[in-house]
Amino acid sequence: MKRKIMVGVIAVAIIGLVVGGYYMSRSRNNASEDGNVTLTEVQKVITKDLEDNYPATPREVVKLYNRILQCFYNESYTDEELQQLGDQARMLFDEELLENNPRDAYLDALRADIAEYREKERTIRSVSVCDSNDVVYKTVDKRECAYVDVSYFVDEDKQYSYTYQTYVLRTDEEGKWKILVFYQNEGKFDE
């Protein structure tokens, strides 16, 4: 009797191991079915729904734009993903900036800039966006504008430097903050 119980326990254990091994193997091979897919940073940015989840503040818009920039210059991606990243960036642009940068011309200029960046072995090591309290708001031509300062810590062939830019945003008809222009600063802001 004890022998039958022992054989039964061993049989159940073996069946458990086989079923458990099958389940683990299947879950690894079909991770997308279970929603346990690990997305790359590029894929996370591309899949961000800006129609329904647009950043609420000028600072958040600039932070997202710089996340896209870091994908452009620091990550690996296909040409299709580059185009999708470019489309995400363009969704953050003011209509005036979009008019001055048609999609195809924008993507061509972007590809050239990325190629130059990589040729010079540049990497954006970190990005620092000014605090919310440091965002400057002004009314220009009866439209609300915001000025957001950003610093970039860049590695170029083991030579490190800081670059400073100011992003000017204004609200569109829906009240969304859009990037109108950005320009490089010589000075430093408090980070």
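Here is a short chat about reading aromatic rings and loop residues in this model.

Colleague: Before we start, what kind of model is this?
Modeller: It's a predicted model, where local features need pLDDT of at least 70, side-chain atom pairs count only at pLDDT 80 or more, and totals for chains, interfaces and linings use all residues. Residues are numbered from 1 along each chain as its sequence is written, and side-chain values use heavy atoms, with hydrogens and water left out.

Colleague: How is a pair of aromatic rings described?
Modeller: By the distance of the centres and the angle of the planes. Rings of Phe, Tyr and Trp (its six-membered ring) pair if their centres lie within 6.5 Å; planes under 30 degrees apart are stacked, over 60 edge-to-face, and the rest tilted. A search of the whole structure finds 11 aromatic pairs. Phe 72 and Tyr 73 make an edge-to-face one, at 6.4 Å centre to centre and 80 degrees between the planes.

Colleague: And what about Tyr 73 and Tyr 117?
Modeller: Their centres are 4.3 Å apart and their planes at 35 degrees, so that pair is tilted. Tyr 73 belongs to helix H4 (residues 58-74) and Tyr 117 to helix H7 (residues 103-119), so the pair ties together parts 44 residues apart in sequence. Helices here are DSSP runs (H or I, at least four residues), as are strands (E, at least two), numbered from the N terminus.

Colleague: Is Asp 141 buried or exposed?
Modeller: Buried means under 20% relative accessible area, exposed over 50%, partly exposed in between (1.4 Å probe, protein chains only). Asp 141 has 73% relative accessibility, so it counts as exposed. You'll find Asp 141 in the loop between strand S2 (136-140) and strand S3 (143-156).
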